[in-house]
Amino acid sequence: MSRYKPLDAQIVPRFAGVRTFMRAPHVTDLEGVDAAVFGIPFDTATSYRTGARFGPEAIRSASVLLRPYNPVLGVNVVESLSVVDYGDSPVSPGATERTYAQIEETMAPLVDAGVFPLVLGGDHSITLAELRALARRHGPLCLVQLDSHPDTWDEYFGQKYFHGSTFKRAVEEDLLAAEGSVQAGIRGSSYGAEDIADAEGLGFTVVQSEELRQLGDERYASLVKEKVGQRPVFLSFDIDFLDPAFAPGTGTPEVAGFSTAEALAFLRALRGIDLVGADVVEVSPAYDGPGQQTALAAANVAYELLALKALAPRAQ
């Protein structure tokens with residue numbers, strides 16, 4: 001049985017100012033904890049529309065409706081995992097590298113305790129610090145990335161650490177096993193043909209959106225599992241993987257994306273991978289619709305990631 005379970009919806013209003021993911025208790029004592037959801041409210045490294053620093057709060061608000069049993073995967077998330085909300089990592093707006101150090105410090109106790117970290121972003125630059133923390137325990141990780149951009153550019157505005165350079169830096173730092181990593185959903189205008197070629201040159205398998213549609217969820221999952229094998233996996237979900245019709249609240253929207261139904265099907269098909277960390281990034285609430293559909297989509301993606309962790313080989 002799970003040590004920590006979501007708070008009853010009827011008592012949540014008594015906790016003035018406290019909003020947690022899926023009404024999970026806000027806990028920093030990691031004894032008996034399997035999975036910790038926490039926010040990284042940072043968006044200094046965005047290249048277009050800022051606002052992702054408010055993403056964790058919006059995702060938590062949208063998660064209130066989520067119920068513990070996932071009928072498609074057949075798992076009760078909170079019975080299988082002891083899930084807590086670990087709060088937010090300290091950040092330093094305007095100082096990316098200082099923020100990286102703060103994220104690594106926040107994650108160190110989680111990694112040392114073997115707790116699964118699920119991060120609510122924040123722009124995509126934060127993933128580099130997450131990978132640094134996790135690689136200290138697991139070694140180079142296989143990346144499963146659902147995104148409209150490969151994020152393997154060398155620099156933005158003369159800066160090496162930006163949300164569009166994350167995975168190039170991660171390969172350079174030997175945090176990723178690129179030959180076992182798959183970037184899928186890539187689409188939109190680019191600076192040149194070399195953008196995709198550069199990602200492939202780093203060793204990534206790049207599945208552009210047209211090919212991903214042709215593959216479908218099961219063949220996509222087969223490709224990922226073939227590349228990953230039994231190695232530990234980090235899954236990074238950029239909300240701009242979704243079409244702006246489903247997720248307008250993001251910094252760099254790209255048309256001709258995927259629906260929420262398609263996204264969840266791709267995630268669910270990954271059942272059985274050895275998931276050791278994950279994040280959902282780039283939710284920018286200021287650009288969301290009146291129904292907060294971007295935040296709602298992100299909350300559901302995070303929920304599916306917890307379900308995948310509940311079914312991961314080391315969680316059984």
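A salt bridge is counted here where a side-chain nitrogen of Lys or Arg lies within 4 Å of a carboxyl oxygen of Asp or Glu, and a search of the whole structure on that basis finds 12 of them. The model is a predicted one, in which local features need pLDDT of at least 70 and side-chain atom pairs count only at pLDDT 80 or more, while totals for chains, interfaces and linings use all residues. Residues are numbered from 1 along each chain as its sequence is written, and side-chain values use heavy atoms, with hydrogens and water left out.

One of the salt bridges joins E104 to R136, with the closest N and O atoms 2.5 Å apart. Because E104 belongs to helix α3 (residues 96–112) and R136 to helix α4 (residues 126–138), this pair ties together parts that are 32 residues apart in sequence; helices (H or I, at least four residues) and strands (E, at least two) are DSSP runs, numbered from the N terminus.

E179 is found in the loop between α5 and β7 (182–186) and R231 in the loop between α7 (209–228) and β9, so the pair ties together parts 52 residues apart in sequence. Both residues are partly exposed, E179 at 48% relative accessibility and R231 with a relative accessible area of 30%. Elsewhere, salt bridges that share partners join D154, K160, K168, R169 and E172 into one network. K168 is buried at 18% relative accessibility, while E172 is partly exposed at 48%.

We turn next to the strands. All 8 of the 8 residues of strand β10 (residues 274–281) are buried, so this strand is largely enclosed by the rest of the structure. Strand β5 (residues 116–121) pairs with β10 in the parallel sense over 3 bridges, where pairing requires that DSSP finds at least two bridges between two strands, and L120 stands opposite V280 in β10. Strand β9 (residues 232–238) also pairs with β10 in the parallel sense, over 7 bridges, and L235 has A278 of β10 as its bridge partner. From β9 the chain crosses through helix α8 (residues 260–268) to β10 in a right-handed β-α-β crossover, meaning that, with the strands pointing away from the viewer, the path from the first strand over the helix to the second runs clockwise.

The nonpolar cores complete the picture, each being a set of buried Ala, Val, Leu, Ile, Met, Phe, Trp, Tyr and Cys residues joined through side-chain atoms within 4.5 Å. The largest has 62 residues, of which F21, Y220 and F237 touch the most other members, and helix α9 (residues 293–310) gives the most to this core, with 12 residues. Leaving aside neighbours within four places in sequence, F237 is in contact (heavy atoms within 4.5 Å) with L146, L242, A263, L267, D279, V280, V281 and V301. A second, separate core of 42 residues includes M107, A129, A135 and L175.

Conventions:
Buried < 20%, exposed > 50% of the residue type's maximum accessible area, 1.4 Å probe, protein only.
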